[in-house]
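The entries follow the order in which I looked things up.

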Amino acid sequence: MVNKERYHSDPEYRERKLAEHRDWQRRNIERVREHNRRYRERHREEIKARRKAKYASDPELRRRVRERARKWALENPERYRENMRIGSRAYYLRNRDLVVSRLAIKRAREQVIDRLGARCECCGETIREFLTIDHRNRDGGEHRRKFHNKPYQIYMSILREGCPTDKYQVLCMNCNFATRYGEPCPHAKHELERLALMVKT
Ligand SMILES: [Zn+2]
Ligand SMILES: [Zn+2]
């Protein structure tokens, strides 16, 4: 048993106890290994996070890791190539939208706009550069979050749904912006004023 108080106050006692402990570990190497393995298993996420933080904050460690990786790649060219192949697939899956070309994103967007009539539902604007896709039920934020703000995924999900017009509509930038907090578009007010004038004259 270790006397805690003495352990902290008596360096000689501490040294002796540590030596005893190391000796015990040497004699029970299998138990120690098993214990460490279980510890790592239980604290896997913690350990990972700690390592990540250390890697991010320690340039010297980053340099050593890169150096070791470079050396390993030179010594294991076949396995290195295989890992790169698997890695680029994993990268693709993680960052699909970065990899999806701008052209593909534009095409998906154009398809949605066409299916929704390609014309501002409020003011009739048809110049494509001005057109946006509006979430009628004001759940655009939620929709974007669901697809991690990846435009291609968002457009494709709308296409998969079949572009239902009760959920989505085309609005021009002006009309979309003016109605973003749920208030009616100023166009509606101006239209009423115009009608009122027509009645008077
Ligand atoms: Zn408009
Ligand atoms: Zn409008």
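I began with Cys120, which touches Glu125, Leu131, Val170, Leu171, Cys172 and Cys175, residues up to four places away in sequence being left out. Contact here requires C-beta atoms, placed from the backbone, within 7 Å.

I noted that the model is predicted: local features need pLDDT of at least 70, side-chain atom pairs count only at pLDDT 80 or more, and totals for chains, interfaces and linings use all residues. Residues are numbered from 1 along each chain as its sequence is written, while chains are lettered from A and ligands numbered from 1 in the order in which they are written.

I then looked up the largest nonpolar core, which has 16 residues; Cys120, Tyr155, Leu171 and Cys175 touch the most other members. Helix 8 (102-115), helix 10 (151-161) and strand 2 (168-172) each give two or more residues to this core. Such a core is a set of buried Ala, Val, Leu, Ile, Met, Phe, Trp, Tyr and Cys residues joined through C-beta atoms within 7 Å. A residue is buried if 20 or more other C-beta atoms, placed from the backbone, lie within 10 Å of its own.

I counted twelve helices and two strands in the protein chain; these are DSSP runs numbered from the N terminus, helices (H or I) of at least four residues and strands (E) of at least two.

I checked helix 2 (residues 11-27) for burial: of its 17 residues the number buried is zero, so helix 2 lies largely in the open.

Finally, I recorded that buried residues make up 9% of the 201 residues in the protein chain. The C-alpha trace spans about 105 × 50 × 30 Å along its principal axes.

Key:
A residue is buried if 20 or more other C-beta atoms lie within 10 Å of its own, exposed if 12 or fewer, and partly exposed in between; C-beta atoms are placed from the backbone. Two residues are in contact if their C-beta atoms, placed from the backbone, lie within 7 Å.
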